[in-house]
Amino acid sequence: MVKYILKRILWMIPIMLCVAIIVFTIMYFTPGDPVMAILGSSYTQEAYEIKAQEMGLNQPFIAQLFNYLKNVVTKFDFGQSYINNRPVATQIIERFQPTFIIAVLGVLLSQLIAIPVGVMAATHHMKPLDYTVTSLCVILAAIPGFLLAVFLMLLFCLKLKWLPAAGITNWTGYILPVMCSVFGPMVASCRMTRSSMLEVVRQDYIRTARAKGVSERDVIRRHALKNALIPVLTMLGMHLGGAMGGSILVETIFTVPGLGTLMKQAIYNQDYPLIQGCVIFISFIMCMMNLLTDLAYAVVDPRVYDQMSDGGKKKRRKKAKKNLEVAA
Amino acid sequence: MSITEKEKKKAPHKGGHAHKHPDRGARKPEKEHKHRARKHSQWGDVWFRLRRNKLAIIGMSLALILVLLAVFAPVLTPYDEAAQDIQNRFQMPSWQHLMGTDNFGRDLFTRVLYGGRTSLLVACLALIVSIAAAIVLGAVAGYYGGWAETIIMRATDMVQAVPPMLFAVTVSAALGPGIWPTALAVGISGVAPNVRLLRGQILAVRSQEYVEAAVATGSNGVAVMFKQILPNVLSPLIVSASMGIGGNITAISGLSFIGLGVQPPISEWGNIMTNGLDYIRQFWPLAVFPGIMIMLTLFAFNCTGDGLRDALDPKLKQ
């Protein structure tokens, strides 16, 4: 087990490095000169060169990339913002909290709603309840988060005036952004729970469980749901990543002081180090979450562990060999 | 019979039940097969199943209507997309202005129709980019394998570590605004999942006997790829494409919404909505109508995709 965890963590290192390289490369080849952006329209050639030297922009691409990676890895230093000269890492940490709260709360709530509803739809397969759930899913799947944000804002903030339309002053400010990040994962998980339950319910071990007289509730809860949840929960990391990626839209609408608005501002200002930092940071969080869900599942479910590590295969092969020898 | 026709007959995607006759090869059953193939081809079967799926038919009709609205936008509205009429700004919907007028007095219905043109065009361009790239990369990875496969698959791992929307935002920020850059940004961010999908499918098809037969009779790699393998991995690709249009529309309007993507004066649903958000307190139609159009489009293409998936793979739905 330890070996498997270590392997997974080690595999994350090249992935994150490559993400950093990809993002850095994209930003490097972006047209537009950051030195010119900082100095404005009137500057001398000398001032330009001094500034470029200071920012390390006169070095070749490989050297810049290497420096950037070195600083990120060793000092958690994503460079400085072009606009206000503050370290990117500090700005990210300042703005991280609301985005994280909204994403995590949204995804958790979505699962809390989606899984029971999905199970109910599956247990009432081909009945009105099932049809209601599936058609609701079809309709809700057609509403992207930012559209929902606009509609919710119109309804709750401007028509009913129940909730604040902008900013987060107290907990009421979180309600609408969280609602927006609930819907997407909710629809996806609900559909997935339903179809995966329908598949599991047909398995032989469910028939066995029923045959030996386990109550229907226990069959669903203990035998079916446990197995049906694997594909649903492995998507958690992705949902979280999606919620954090989508935050750029939702936060803009509700003017939440989070990573999304930070990024939007950075894009507007062409502040490349800041954009780079945000993208790498959010990807890192998503990778961590993926890792955690996978690990949690490997701990709980021996089959997943077997699938993902060679250890199980080797052991089985050894066992088979031994059996053969014994038989011989 | 021409050579191409013979080739087509060899590939089982044409004849509905060809895979049930693996020992077919003599001349005699060919005749019988020809007869059957005409009676119900694979696409005939698909259309038959699709027709019975009400939701898919609704989705497809809606998609068709939306496309027609976009194509015939100049005929359908008497107004000019950019004609300003400052005296009549913020008019509520009426018979004269079906959706009202915006902050410059431009007819909103006209702008939404033209916006649909842009959105659908960019979505299709992005789709072409991502599918074309995915076919090339997926084919190389799935068919040739080796170190190329390792590199391509690891690269998709890396790209998929970035949330797709963020990736699109990054690329779009790098390429700048406009129709082509946006299509490229959205297209590129959609390549990785399609590559994985295609590689998996190609791997499954590659070991089939008819591919082996084609290789044994001396077809070269490219011919095998395009004549034997691709037609047989087409169905998941079609489903992914019809779902992809909806996803692309969301991504494009999202990008335009935060000021990347397609920018005014070209109207696009996302940027009309941004504009609407600025005036949301005084005038709701400006944000709501393009939003409704995005919803309808997503609904149409999602339903079409769902229906196609069920129709193309009857094993899945039971």
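Leaving aside neighbours within four places in sequence, which residues is A:Ala149 in contact with? I looked them up and found A:Cys180, A:Val250, A:Ile253 and A:Phe254. For contact I required C-beta atoms, placed from the backbone, within 7 Å.

Note on the source. This is a predicted model, where local features need pLDDT of at least 70 and side-chain atom pairs count only at pLDDT 80 or more, while totals for chains, interfaces and linings use all residues. Residues are numbered from 1 along each chain as its sequence is written, with chains lettered from A and ligands numbered from 1 in the order in which they are written.

Entry: the core. I went on to the largest nonpolar core, which has 153 residues. Such a core is a set of buried Ala, Val, Leu, Ile, Met, Phe, Trp, Tyr and Cys residues joined through C-beta atoms within 7 Å. A:Ala149 is among the residues with the most contacts inside this core, together with A:Ile275, A:Cys278, A:Ile282 and B:Ala168. Helix α6 of chain B (residues 108–144) gives the largest share, 17 residues.

Entry: chain A. I counted 15 helices and zero strands. Both are DSSP runs numbered from the N terminus (helices H or I, at least four residues; strands E, at least two). The radius of gyration is 25 Å, whereas a compact globule of 328 residues would have one near 20 Å. I took this radius over C-alpha atoms; the globule rule is 2.2 Å times the number of residues to the power 0.38. The C-alpha trace spans about 85 × 70 × 30 Å along its principal axes. Of the 328 residues, 36% are buried. Buried means 20 or more other C-beta atoms within 10 Å of a residue's own, exposed 12 or fewer, partly exposed in between, with C-beta atoms placed from the backbone.

Entry: chain B. Here too I read 15 helices and zero strands. Buried residues make up 43% of its 318 residues. I then checked α15 of chain B, residues 285–312. Its 28 residues reach 40 Å from first C-alpha to last, close to the 40 Å expected. That expected span is 1.5 Å times one less than the number of residues. In α15(B) 21 of the 28 residues are buried, so this helix is largely enclosed by the rest of the structure.

Entry: the interface. I found 34 residues of chain B in contact with 39 residues of chain A. On the chain B side, α7, α8, α13, α14 and α15 each give two or more residues.

Definitions and conventions:
Contact = placed C-beta atoms within 7 Å.
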